[in-house]
Amino acid sequence: MAKSSAELTRELQDSIRRCLSQGAVLQQHRVKLETKPKKFEDRVLALTSWRLHLFPLKVPAKVESSFNVLEIRAFNTLSQNQILVETERGMVSMRLPSAESVDQVTRHVSSALSKVCPGPG
């Protein structure tokens, strides 16, 4: 579990785990999702083996949006703590609490993609 999940209540973390299946959640990060230009709203980014899920900060947890790592067309780091994910359905811009969180999410996506499309050697 990522350190940034400490900002999330235990009740919300448990509700997300129940929603996605107990063992499926690998990481949870509190993020600020850009909903309109220059307007950010609090969300939870939950990472499972092959999917990224966004949840509002409400209990009981319900998935607001979700996409498979194979749907990702581009994954860009905009700043030290902001990422932009382009999928088949659109773009998702998120601010994470720290550069470490950005690194954890980036490594998770890269790892999942390398299992499907291994590079040479």
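Cys19 is partly exposed, because its relative accessibility is 35%. Cys117 is exposed, with a relative accessible area of 53%. Here buried means under 20% relative accessible area, exposed means over 50%, and partly exposed lies in between, using a 1.4 Å probe and protein chains only. A disulfide is a covalent bond between the sulfur atoms of two cysteines. The test applied here asks for a pair of cysteine sulfur atoms within 2.5 Å. By this rule the structure has zero disulfides.

This is a predicted model, in which local features need pLDDT of at least 70, side-chain atom pairs count only at pLDDT 80 or more, and totals for chains, interfaces and linings use all residues. Residues are numbered from 1 along each chain as its sequence is written, and side-chain values use heavy atoms, leaving out hydrogens and water.

Now to the annotated region. Helices (H or I, at least four residues) and strands (E, at least two) are DSSP runs, numbered from the N terminus.

Start with the strands. Lys38 sits in the loop between strand E1 (27–36) and strand E2 (39–47). Its phi is near 70°, a positive value in a residue other than glycine. Lys38 counts as exposed, because its relative accessibility is 78%.

Further along, Pro60 lies in the loop between strand E3 (51–55) and strand E4 (65–68). The peptide bond from Val59 to Pro60 is cis, with omega near 5°. Gln80 belongs to the loop between strand E5 (72–79) and strand E6 (82–87). With a relative accessible area of 64%, Gln80 is exposed.

Which side of the cut-off does Ile72 fall on, buried or exposed? Ile72, in strand E5, counts as buried at 15% relative accessibility. Ile72 and Gly90 are 18 residues apart in sequence and 9.7 Å apart in space, C-alpha to C-alpha. Asn76 also lies in strand E5. At 37% relative accessibility, Asn76 counts as partly exposed. The C-alpha atoms of Asn76 and Arg43 are 19 Å apart, and the two residues are 33 apart along the chain.

Next, the helix. Helix H2 runs over residues 99–116 and has 18 residues. Its expected span is 1.5 Å times one less than its number of residues. That gives 26 Å, and the end C-alpha atoms are 26 Å apart, which agrees. Buried residues in H2 are Ser101, Val102, Gln104, Val105, His108, Val109 and Ala112. Seen down the axis of H2, they fall within an arc of 165°, so they line one face of the helix. The arc is that of the directions from the helix axis to the C-beta atoms. An α-helix has 3.6 residues a turn, so residues three or four places apart point the same way.

Last, the rings. The charged end of Arg95 sits over the ring of Phe40, 3.9 Å from its centre. A charge sits over a ring if NZ of Lys or CZ of Arg is within 6 Å of the ring centre and within 35 degrees of the ring normal.
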